[in-house]
Amino acid sequence: MRQLGGMTTLPSAFSDWFAARGWQVHPHQREMLDRAGEPALMLIAPTGGGKTLAGFLPTLAELATEPREGLHTLYISPLKALASDIRRNLLVPISEMGLPIRVEDRTGDTSATRKKRQRVDPPHILLTTPESLALLTSYEDAPRMFAGLSRVIIDEIHALAESKRGDQLMLGLSRLEAMAPGLRRVGLSATVEDPPALAALMARGGAPCPVLQADPGPDPDIAMLRTEAPPPWSGGGGRYAIEEILAEVKRHRTTLIFHNTRAQAEIFFHHLWLANTDDLPIGIHHGSLSREQRDAVEKAMTEGQLRAVVCTGSLDLGIDWGDVDLVIQVGAPKNVKRLIQRIGRANHRYNAPSKALLVPANRFELVECVAALEAAKAHDLDGDPRGAGPLDVLCQHILIRACAGPFDEGELFQEVRSVGAYAGLSRAAFDDCLEFCATGGYALRAYDRWQRLIKRPDGLWQLRDPRAAQRIRMNIGTIQDTDTLKVRLRGAGKPLGEVEESFAATLSTGDTFLIGGQIVRYEGLKEMTVEVSRSAAKKPRVAVFQGTKFSTSTQLSSRILRMFGQETWPALPDHTAAWLALQREVSHLPSHDRVLVESFPHDGLAHTCFYGFAGRNAQQTLGLLLTRRMETAGLNPLGFVATDYATLIWGLNEVQEPAPLLHDKGLREGLDDWLKGNAVMKRTFRGAATIAGLIERNLPQTRKSGRQATFSSDILHDMLRKYDPDHLLMRITEAEAMRGLVDFGRIEEFLARTERRIDHVRLERVSPLAAPMLLEVGKVPIVGEGRERLVAQEAATLMAEAGLGDL
Amino acid sequence: MTVHAFTLCDTALRALPSGALHIPGEAALCVSDLHLGKSDRIARRGGGLLPPYEARETLARLEADILATDARQVICLGDSFDDLASQDSLGEAERLWLARLQAGRRWIWIEGNHDPGPVELGGSHLAELHLAGLIFRHIAVAGAIGEVSGHYHPKHRLGGTARAAFLYDRSRLILPAYGTYTGGLSSTDPIFAELLKRPAIAVLTGTRAIPTPV
């Protein structure tokens, strides 16, 4: 490696190679080379800006001029697909220039033999994911493998930083730093709202991390898709626009059609296929499909064989699809930043504008899309500030550290504090986590004999039972999958994909649902696999397995409320303007400084809709608080559903007077009480308990029969609440819920800006604005007197019908 | 407390919302699958360290049921302990508590597949028990008449929620698991179709005992 004052020059072989292809080294690629010696550096470049190559150029140059053995560069990306894609792309310059560089990827999909060999004889460049890295650091031979590591490249760091995966990765970096001191860190990010904050996350121990900004290129060309038919009042999926979307697909070389959920992508793909009379090659790609199916689509895509791919967030990140010239977003983008990043997928030629079309699924989303377009044009990106490093991830980190061998608590504490998000971690909080890992951390002394970690006479900590390492490794990771079951065609061994266990539980033999674009018939459950057969049915029972669900950002919500305040809506199509006008006529349009409450009967139950525009999480919390007050008032609430803009509650009795329900006095006190026993809290607890290693993931190999072996984590939550309310996991759950799922701040903000100025409108039927709520997924049941009565009634009816009334 | 009263082979029985079975004619209370010491067993095997409060929670519920029914006999229908070693894990407080519950009552431990050997905690230990014209055993036997068993931890789904449930037909009764750290097996599992003839009833547990057809 020729380094001149920390600068890596480009070897002539590289200049020749670039020249032979008629390429130029972009200025930001040049600068990445010039500043290759920086201990930490973050590059922000739009998709298609040669960002990944910019990250790898210093590595390639160093290895070309100074060949060596062993691991030189570790590349980490949030997606498995990205790792294998990057490998293919790197192999081109490496083989064409004849560089002595070995590149391999390592993900959950890599074979066991290959993984073993990689530990003994690592490649020069290893491409992996945060979870695979955590697993690698858990092995006793990790120090040998990582000893010569010189650079770490974190790709799509903006995406990782949004979740606990980012926290786990940064903790992993602190481990790598201990094994390979002086390691250089490089972050690659798409456009974000606050680059220095992102850079601070990846810097070591508060050291600076300069930000390098590439030319953002021309503004994207975004427009709404014009359609013959207006979007429906409610519902999702964008079926009404299929003809126009197909026409766009025909007009372009390759189109990516993004959906917000997997189920919507499935349904849309099914209808697109029915309408596809020209037999255009169109594929589908989302996280519930089997790996084989995803691989096939990715391959066909790279080879330019597909004209369009219907996809979800699984294609969100920087995989290089080559010739995509149009991105279609079906459904509201929910978040301006994500919209811009998705749009960046089109037109990968640098300095050519990306082209995108928005297709709102219903009329409310149309309003959202128009607001998002305006925000994108104004370069008004949105984002939420991050909290401190989560303690459940730290607990898992301690367990992973213990798997790698005995450790000193003081050293580990210092290491953890060197991570940006954990810089403010107190020794007491660290000790709590260590105590939790060792003994469970219960007020009642227990497990004296069966501690998980024990302190040896020399003061080092180690696993009591070395066999525990295996179980800890199997539970590494922070991604909260709901439990899923594989779906297989009966008789044929090939898996079609996965559905959520809760969805499978609702199926009876003969039911049909969509998966991988085909309609299948449910035959039965065999050893935790859903067995299906092909079905000739035209209409499936809706697939309700969930995909990622996004929340509309605060900024977008404000823009929408501002639009509602207009006298007329020239920016909106006539049908949507008419829809808003109708809402104004039969009820009101929500505004910044008043609360709109609508009551109407539906399906034999009393429904009440509270428009707070406080975001999905806050509206959910509001749902919990309001239903609690309704329970006390004897209104027998049965359940509610929350969206970004409203909470819809249904129950046996009608709400006559909403003011006392919304009275802010005692709301927060009520919150503490109520929160501890509710479903949202239990869901948060389940996540924290799984990450912290209290409960194990339901791995396929550990639940052969789904029998009595497993019990609900809700029981553990109830036990702690009753006997040990100050336990570490309860504190983690509460802190997390208050910040994220509870988002109480936005409720207070909503109550303050409206000051209980309530417009209660009683209607005979659902209002235009409330209609979409009826089809929302994610309904939260309220376990109370109302439900008890319903269950008892239903049971009595069934008994009578069965002629067993006298039993 | 809303209980479900019914008869099995001419013996009057009451299914309590807690999952316990009351046999009023014998002043007896029957509970199945307590799985005491489960958290200890999981820890011993290198798993997670679960909140160690399940034994006191289970005993508290059992005590409440004993007092409410004024039971003179208590039948623990097998799998009372998660395994034989789990008996040692009971704390001193729990041992004393159990002894207090046993004082002045006939206490029977039925053998389960998790705890086949004799236990050291007082009471008598039996493979099966004949009482009130019924036979009490841990695992149901094909073709048995007038049988009360446990083992399968049945649960039943109604109105969108699954709850632990009693299952019975004209000749047998299967009890839900009473222990705090226990999961369940759905009443739609084929094993129950083999064991129970129509018409069969599920009695949901919870705040009240709710009967419904299976």
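**Ground rules.** I number residues from 1 along each chain as its sequence is written, letter chains from A and number ligands from 1 in the order in which they are written. Since the model is predicted, local features need pLDDT of at least 70 and side-chain atom pairs count only at pLDDT 80 or more, while totals for chains, interfaces and linings use all residues.

**Entry 1: the sheet in chain A.** I looked up the strand order and found an open sheet of 6 strands, β10-β15-β14-β11-β13-β12 of chain A, with parallel pairing. Strands (E, at least two residues) and helices (H or I, at least four residues) are DSSP runs, numbered from the N terminus. Two strands pair if DSSP finds at least two bridges between them. At the edges I found β10 (221-224) and β12 (282-285) of chain A, each pairing on one side only. The twist from one strand to the next averages 20°. I then checked β10(A) against β15 (355-359) of chain A: the two run parallel and 4 bridges join them. Ala223(A) has Leu357(A) in β15(A) as its bridge partner.

Entry 2: I found helix α13 (291-302) of chain A lying across β12 and β13 (308-311) of chain A, at about 135° to β12(A). Angles run from 0 to 180 degrees between N-to-C directions, with axes fitted as lines to C-alpha atoms, for helices over the stretch in contact.

**Entry 3: the sheet in chain B.** Here I found an open sheet of 7 strands in the order β1-β2-β3-β4-β5-β6-β7 of chain B, with mixed pairing. β1 (4-8) and β7 (124-126) of chain B each have a single partner strand, so one side of each lacks a neighbour in the sheet. Neighbouring strands are turned by 25° against each other on average, direction ignored. β3 (21-23) and β4 (28-31) of chain B run antiparallel and are joined by 3 bridges. His22(B) stands opposite Leu29(B) of β4(B). α2(B) packs on this sheet and touches β3, β4 and β5 (73-76) of chain B, its direction making about 155° with that of β4(B).

**Entry 4: the contact between the chains.** I counted residues as in contact if their C-beta atoms, placed from the backbone, lie within 7 Å. Chain B gives 33 residues and chain A gives 40 residues. On the chain B side, the elements that give two or more residues are α1 (38-44), α2 (54-69) and β16 (210-213). The largest share, 4 residues, comes from β16(B).

Definitions and conventions
Contact = placed C-beta atoms within 7 Å.
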